[in-house]
Number of protein chains: 2
Amino acid sequence: MTEPAFFVLTALVDEPRHGYGIAREVEKLSDGRVQLKIGTLYGVLDRLAADELVAPDREEVQQGRLRRYYRLTDSGARALEAEAVRLAANARSASERLQARHAGGAA
Amino acid sequence: MTEPAFFVLTALVDEPRHGYGIAREVEKLSDGRVQLKIGTLYGVLDRLAADELVAPDREEVQQGRLRRYYRLTDSGARALEAEAVRLAANARSASERLQARHAGGAA
DNA sequence: CCCAATATCTTGTCAGCCGATATATTATGG
DNA sequence: CCATAATATATCGGCTGACAAGATATTGGG
């Protein structure tokens with residue numbers, strides 16, 4: 001799973017959001033570190049929808065602007081959970097090795 | 001940082017290794033989950049060397065076969081540490097949200 | 001003698017990120 | 001009144017990078 005896809009799924013965990021709302025939520029939940037590009041976002045959403053990790057939820061017209069909402073599917077939630085576990089494992093293996101290096105010095 | 005690059009750096013934390021040895025070490029430290037492709041490996045090594053995150057260490061001829069060793073630079077160790085922290089943060093934010101979802105149900 | 005394993009590297013293809021652009025509405029401000 | 005920014009959608013093209021495949025070379029086993 002690519003990193004933009006990971007963040008899109010994460011942004012959809014609590015409630016359905018529309019594209020622009022996802023971009024803002026990702027920026028918020030990453031403390032401004034990740035700014036999802038608009039050209040990236042819609043491509044990612046298409047691919048996630050094709051894989052049924054997200055699904056169209058509803059459309060709203062608010063203040064004359066169309067909002068197309070997506071929600072996380074059960075399959076998407078499982079995929080995100082698996083990816084989170086994988087990332088945590090990767091981070092841990094690197095951190096452990098680095099710690100051993102500081103303790104013992106480079107070989 | 002790409003995931004293959006992350007694993008290459010991790011494999012080099014404890015000691016300098018040559019390309020083929022890196023590939024085997026990555027497979028070992030990921031419990032077989034990540035099998036670094038040979039075409040990927042050398043491209044990644046070139047890019048990491050260009051960025052000075054790894055550096056050529058030495059060359060050995062062992063049993064008629066050339067071994068070109070790379071080592072992690074200090075800059076590479078710092079970059080790996082930062083990336084590990086970032087990955088851990090990403091994994092944690094996703095996990096926390098998923099946990100809240102199970103507890104409170106989808107909104 | 002051929003094949004597998006060890007070891008390097010190159011080339012070509014495909015996926016995907018992202019900047020740029022297009023379109024439309026509402027609010028703000030000069 | 002018009003320009004600009006924010007909100008909101010979507011598409012297109014360029015570039016980077018992952019990976020499969022193949023070239024090259026040595027050693028050892030069947």
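1. In chain A, His18(A) has Tyr69(A) of E3(A) as its bridge partner. The strands concerned, E1(A) and E3(A), pair in the antiparallel sense over two bridges. Two strands are said to pair if DSSP finds at least two bridges between them. Strands (E, at least two residues) and helices (H or I, at least four residues) are DSSP runs, numbered from the N terminus.

2. A word on the model and its labels. This is a predicted model, in which local features need pLDDT of at least 70 and side-chain atom pairs count only at pLDDT 80 or more, while totals for chains, interfaces and linings use all residues. Residues are numbered from 1 along each chain as its sequence is written, and chains are lettered from A and ligands numbered from 1 in the order in which they are written.

3. The sheet of chain A is open and has three strands in the order E1-E3-E2, with antiparallel pairing. Its edge strands are E1 (17-18) and E2 (54-62), each of which pairs on one side only. E2(A) is joined to E3(A) (residues 65-72) by eight bridges, and the two run antiparallel. Within this pairing, Glu60(A) has Arg67(A) as its bridge partner, and Ala55(A) stands opposite Arg71(A). E2(A) and E3(A) form a hairpin with two residues between them. Gln63(A), in the turn, has a positive phi of about 55 degrees.

4. In chain B, E1 (residues 17-18) and E3 (residues 65-72) run antiparallel and are joined by two bridges; the bridge partner of His18(B) in E3(B) is Tyr69(B). E2(B) (residues 54-62) pairs with E3(B) over eight bridges, in the antiparallel sense. Ala55(B) stands opposite Arg71(B) there. The hairpin of E2(B) and E3(B) has two residues between the strands, and Gln63(B) in the turn has a positive phi of about 55 degrees.

5. Next, burial. A residue is buried if 20 or more other C-beta atoms lie within 10 Å of its own, exposed if 12 or fewer do, and partly exposed in between, with C-beta atoms placed from the backbone. Seven of the nine residues of H1(A) are buried, so this helix is largely enclosed by the rest of the structure. The buried residues are Ala5(A), Phe6(A), Phe7(A), Val8(A), Leu9(A), Thr10(A) and Ala11(A).

6. Ser30(B) lies in the loop between H2 and H3 of chain B. Because Ser30(B) has 18 C-beta neighbours inside 10 Å, it counts as partly exposed. Ser30(B) and Gly19(B) are 11 residues apart along the chain, and their C-alpha atoms are separated by 17 Å.

7. Two packed helices are described by the angle between their axes and the distance between the axes. The axes of H1(B) and H2(B) (residues 19-29) come within 9 Å and cross at roughly 95 degrees. Axes are lines fitted to C-alpha atoms, for helices over the stretch in contact, and angles run from 0 to 180 degrees between N-to-C directions. H1(B) and H2(B) are therefore roughly perpendicular to each other; angles of 65 to 115 degrees count as such, under 35 as roughly parallel, over 145 as roughly antiparallel and the rest as oblique. Phe7(B), Val8(B), Thr10(B) and Ala11(B) of H1(B) meet Ile22(B), Glu25(B), Val26(B) and Leu29(B) of H2(B).

8. The contact between the chains takes 22 residues from chain A and 22 residues from chain B. Residues are in contact if their C-beta atoms, placed from the backbone, lie within 7 Å. On the chain A side, H1 (3-11) and H4 (74-104) each supply at least two residues, and the largest share, 15 residues, comes from H4(A).

9. DNA strand C is surrounded by 25 residues, the closest being Thr2(A), Gly39(A), Gly64(A), His18(B) and Gly19(B). A residue is near a strand or molecule if its C-beta atom, placed from the backbone, lies within 6 Å of it. H3(A) gives the largest share of this surface, six residues.

10. Around DNA strand D there are also 25 residues, of which His18(A), Gly19(A), Thr2(B), Gly39(B) and Gly64(B) come nearest. Here the largest share, six residues, comes from H3(B). Among the elements that each supply at least two residues are H2 (19-29) and H3 (38-50) of chain A and H1 (3-11) of chain B.

Conventions: Two residues are in contact if their C-beta atoms, placed from the backbone, lie within 7 Å.
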